[in-house]
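Me: I would like to learn how to read charge pairs and packed helices. Can we go through an example together?

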Amino acid sequence: MSEEHLKKDPEKEKMKVKSIKKMKEIMTAYYIDAKTAAQNGKKVAWITSGGPVEPLIVMDAIPVYPENHGAMIGASKMGVDLCEKAEDMGYCRDICSYARSDIAASTVNGGPIGGLPAPDFLVCCNNICGTVLKWYEVQARYYKVPLFIFDTPFCHTEFSSEARKYVRSQIDEYIKFLEVVCGKKFDMDKMKEVGRLSLQGQRLWQDVLDTTMNKPAPMSAFDAFFHLALIVTLRGTQTAVDYYTMLLEEMKERAAQKIGAVPNERYRLLWDNLPVWFKTKWLSDKFASYDACLVADTYTSAWCGSLEYLDENDFLGSMVEGYTRIYLNIGVDEMLKIIKKMIKKYDVDGIVMHSNRSCKPYSLGQYDIMKSLQRDTGLPSLMIEADMVDERAWSESQIETRIDAFMEIIKQKKG
């Protein structure tokens with residue numbers, strides 16, 4: 001290859017987010033650590049994405065997230081093969097594709113990293129959905145390990161005193177469970193430090209997301225989907241705090257220099273529901289072709305959405321409300337309020353909703369939310385029907401036509 005071809009395009013280099021390299025290094029080290037846990041005398045705990053992870057960090061257990069693994073499977077376009085394997089095992093196609101791909105991957109060490117490290121125990125919190133209960137029961141039987149179920153009552157509007165008492169009692173049971181499976185006492189002093197780091201990480205993540213209030217937005221929701229990994233997997237650690245400190249500085253610098261995720265940003269959109277992992281680049285390029293940037297989303301902001309309920313001076317106690325009143329565990333009216341705040345905060349011109357075949361709790365009520373938003377805000381909205389991992393639920397020509405029509409409405413409305 002000639003020297004001319006080896007020269008890097010300075011404009012393209014300027015657009016690249018430099019922190020990505022560091023993120024990849026951290027996640028590689030994290031999975032190596034998890035896969036070699038047994039040799040190093042550490043425990044591996046599988047936990048649901050919305051579960052209370054901080055006590056695991058206190059006990060030096062390595063938290064592993066089958067849902068993150070599902071996202072990696074989707075992004076690697078390995079979802080159909082694993083989902084079909086699960087269906088051959090007898091699991092219905094209507095079950096969540098994260099659950100199907102994870103259950104199948106366990107039997108063949110499948111997926112982009114050759115399967116997850118086997119768990120020593122499982123922690124399942126049902127604040128994200130009911131599917132996880134059966135999913136984790138299946139895996140607990142398969143690996144023959146203990147399972148702790150953390151039950152959070154649904155909060156349509158208010159958080160009752162009965163709910164508070166009920167969830168608080170489970171934190172005590174959770175700690176007792178961890179002491180048994182880890183074989184050591186729970187360190188309350190360390191819990192305070194982990195809680196402080198967890199809150200610091202969540203605040204930094206919120207600050208990173210808020211840099212998209214700038215015009216042009218220095219990052220998009222598609223970037224946020226990628227950078228989300230650490231606030232999920234390493235929440236409560238110094239590693240996550242250091243990374244988001246670095247990422248925030250980079251985003252502030254990009255905003256100051258007017259470097260946008262979409263070079264000629266004209267339209268600002270909000271995304272609802274999980275990403276379509278196997279089509280993030282296609283969707284990003286498609287919207288960018290209209291100079292449209294998805295500047296915010298309800299999914300990645302969920303990992304800092306409980307900040308108002310958490311207390312640095314009583315993190316363990318405040319987890320009760322913080323882990324119960326998360327986005328997927330509240331009523332449609334409450335979701336609508338959050339989306340309306342985001343519309344105003346990020347100054348968006350339209351809403352893109354992903355009706356996700358796999359995620360019923362997220363998708364149920366979206367049409368009501370869409371109607372309410374159209375009535376109350378007048379903003380155009382688009383519904384895309386797809387799946388987060390299973391490509392068989394994707395119809396590109398149909399979705400492309402809908403996006404084209406939606407963007408024409410946005411263009412006409414904004415002028």
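Me: Is Glu25 buried, partly exposed or exposed?

Reply: Keep in mind that this is a predicted model. Buried needs under 20% relative accessible area, and exposed needs over 50%. Glu25 has 41% relative accessibility, so Glu25 counts as partly exposed.

Me: Which residue forms a salt bridge with Glu25?

Reply: Start with the general idea. Side chains of opposite charge can pair when their charged atoms come close. Here the partner is Lys22, and the closest N and O atoms are 4.0 Å apart. Both residues sit in helix H3 (residues 19–35). They are three residues apart, about one turn of the helix. Lys22 is partly exposed because its relative accessibility is 38%.

Me: Where do Glu137 and Lys134 lie?

Reply: Both are in helix H8 (residues 131–143), again three residues apart, about one turn of the helix. Now check the accessibility. Lys134 is exposed, at 57%. Glu137 is partly exposed, at 24%.

Me: What does the pair of Asp376 and Lys340 tie together?

Reply: First the pair itself: these side chains meet in a salt bridge of 2.7 Å, N to O. Asp376 belongs to helix H18 (residues 366–377) and Lys340 to helix H16 (residues 332–346), so the pair ties together parts that are 36 residues apart in sequence. Asp376 is partly exposed, with a relative accessible area of 38%. Lys340 is partly exposed too, at 31%.

Me: How many salt bridges are there by this rule?

Reply: The count comes to 31. Some residues join up in a network of salt bridges: Glu84, Glu87, Arg100, Asp390 and Arg392 are linked this way.

Me: Now the helices. At what angle do the axes of H14 and H19 cross?

Reply: Two packed helices are described by the angle between their axes and the distance between the axes. For helix H14 (residues 280–288) and helix H19 (residues 396–414), the angle is roughly 30°. The axes come within 11 Å. Angles under 35 degrees count as roughly parallel. H14 and H19 are therefore roughly parallel to each other. The crossing of H14 past H19 is right-handed.

Me: Which residues make the contact?

Reply: H14 supplies Trp282, Leu283, Lys286 and Phe287. H19 supplies Glu396, Ile399, Glu400, Ile403, Asp404 and Met407. Sorted by class, the contact of H14 with H19 has six nonpolar and four charged residues, and no polar ones.

How values were computed
Residues numbered from 1 in each chain as written. Predicted model: local features only at pLDDT ≥ 70, side-chain atom pairs only at ≥ 80, totals over all residues. Heavy atoms only, no water. Helix = DSSP H or I, 4+ residues; strand = E, 2+ residues; numbered from the N terminus. Buried < 20%, exposed > 50% of the residue type's maximum accessible area, 1.4 Å probe, protein only. Axes fitted to C-alpha atoms, helices over the stretch in contact; angles between N-to-C directions. Parallel < 35°, antiparallel > 145°, perpendicular 65-115°, else oblique. Left-handed = near helix turned anticlockwise from the far one by under 90°. Contact = heavy atoms within 4.5 Å. Nonpolar A, V, L, I, M, F, W, Y, C, P; charged D, E, K, R; others polar.
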